[in-house]
Amino acid sequence: MQYIDGMLDLHDKTVSWIQNHLGNDPAFHEGRKDAFSQCLNMQHKRKRPIPAILSEYCDVALRGGNGTISTLDGVMRRIINLLHYVSDKDSFGEYYRRRLSKRLLLNTKMLDEDEKAMIAELKLAMGSSFTTQLEAMIRDVEIAAHTHVRFNEWMKLAHTCLECECFVQVLSGRPGCWPTMKVNEFDLHPDLEA
């Protein structure tokens, strides 16, 4: 996280310096773009690729776990600015999709306008084809929540009660919207098998 915070701060400072002290000269902006592109796309010194680090930063921000973030809107725009320099945007999309699916399925943060706002920012910056799968995942979760509410209302009207609490999410989406996750298989003890 410190690496991304540092890159975000450095980017803001260089843009400001070029605008305020170097006459907003296009040659300096071009040099800044080249420098950030080279720095963010170097692989040999980092253990993880920059798309993975950027998606993790977004994940922490959207879960509200980074105390240095003053406003989420500003962070989203700043992340998008860095993302423009990354050559492998598709990898970022895949890492982001995996993290979004975990946030949605594990309910680490209730679906709110922050998720939709981030996807809208990505859509503006990267195009609608970049966010189609993300939007389908959001729709699936919204439909599942609405269906759950309707089911509970029906249970009350029917004066029916289940012996346990049940929440089912039907994730239809389009094929390939939800990332496949590694399945950990295990054998049940014979006493636990039905």
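# Briefing on a predicted helical model

By class, six nonpolar, three polar and two charged residues make up the lining of the second largest pocket. The model is a predicted one.

- The space in the second largest pocket comes to about 160 Å³.
- The lining of this pocket includes His148, Phe151, Asn152, Met155 and Lys156.
- Also in the lining are Thr160, Cys161, Leu162, Cys164, Glu165 and Cys166.

**The largest nonpolar core**

- The largest nonpolar core is made of 37 residues.
- Inside this core, the residues with the most contacts are Ile4, Leu54, Ile79, Leu82, Tyr96, Met118 and Leu122.
- Two or more residues of the core come from each of these elements: helix 1 (2–21), helix 2 (26–41), helix 3 (50–63), helix 4 (72–83), helix 5 (89–105), helix 6 (113–126) and helix 7 (128–157).
- In soluble globular proteins, nonpolar side chains tend to be buried together.
- What does isoleucine 4 touch, not counting residues up to four places away in sequence? Isoleucine 4 touches Ile50, Ile53, Leu54, Tyr57, Ile79 and Leu82.

**Helix 3**

- Helix 3 has 14 residues. From its first C-alpha to its last, helix 3 reaches 20 Å, which is close to the 20 Å expected at 1.5 Å a residue.
- The buried residues of helix 3 are Ile50, Pro51, Ala52, Ile53, Leu54, Ser55, Tyr57, Cys58, Asp59, Val60, Ala61 and Leu62.
- Which helices do the buried residues of helix 3 pack against? They pack against helix 1, helix 2, helix 4, helix 5 and helix 6.

- Most residues other than glycine have a negative phi.
- Asparagine 24 is not a glycine, yet has a positive phi of about 55°. Asparagine 24 lies in the loop between helix 1 and helix 2.
- Asparagine 24 counts as partly exposed because its relative accessibility is 40%, and partly exposed covers the range between the 20% limit for buried and the 50% limit for exposed.
- Histidine 159, another residue other than glycine, has a positive phi near 55°. Histidine 159 is found in the segment after helix 7.
- Is histidine 159 buried or exposed? At 74% relative accessibility, histidine 159 counts as exposed, since exposed means over 50%.

- Aspartate 73 is placed in helix 4. With a relative accessible area of 43%, aspartate 73 is partly exposed.
- Aspartate 73 and serine 129 are 56 residues apart along the chain, and their C-alpha atoms are separated by 22 Å.
- Arginine 98 is placed in helix 5. Arginine 98 counts as partly exposed, at 32% relative accessibility.
- Leaving aside neighbours within four places in sequence, arginine 98 is in contact with Pro179, Thr180 and Met181.
- For arginine 98 and methionine 181, the separation along the chain is 83 residues, while their C-alpha atoms are separated by 8.6 Å.
- Alanine 136 lies in helix 7. Alanine 136 is buried because its relative accessible area is 3%, and buried means under 20%.
- How many residues apart in sequence are alanine 136 and cysteine 177? The two are 41 residues apart in sequence, and 6.7 Å apart in space, C-alpha to C-alpha.

Methods:
Residues numbered from 1 in each chain as written. Predicted model: local features only at pLDDT ≥ 70, side-chain atom pairs only at ≥ 80, totals over all residues. Heavy atoms only, no water. Core = buried A, V, L, I, M, F, W, Y, C linked by side-chain atoms within 4.5 Å. Buried < 20%, exposed > 50% of the residue type's maximum accessible area, 1.4 Å probe, protein only. Helix = DSSP H or I, 4+ residues; strand = E, 2+ residues; numbered from the N terminus. Contact = heavy atoms within 4.5 Å. Expected span 1.5 Å × (residues − 1). 1 Å grid on protein atoms, 1.4 Å probe; cavity = no way out; pocket = protein on both sides within 12 Å on 5 of 7 lines; lining within 4 Å. Points joined across faces, edges and corners; volume = space filled by probe spheres on them. Nonpolar A, V, L, I, M, F, W, Y, C, P; charged D, E, K, R; others polar.
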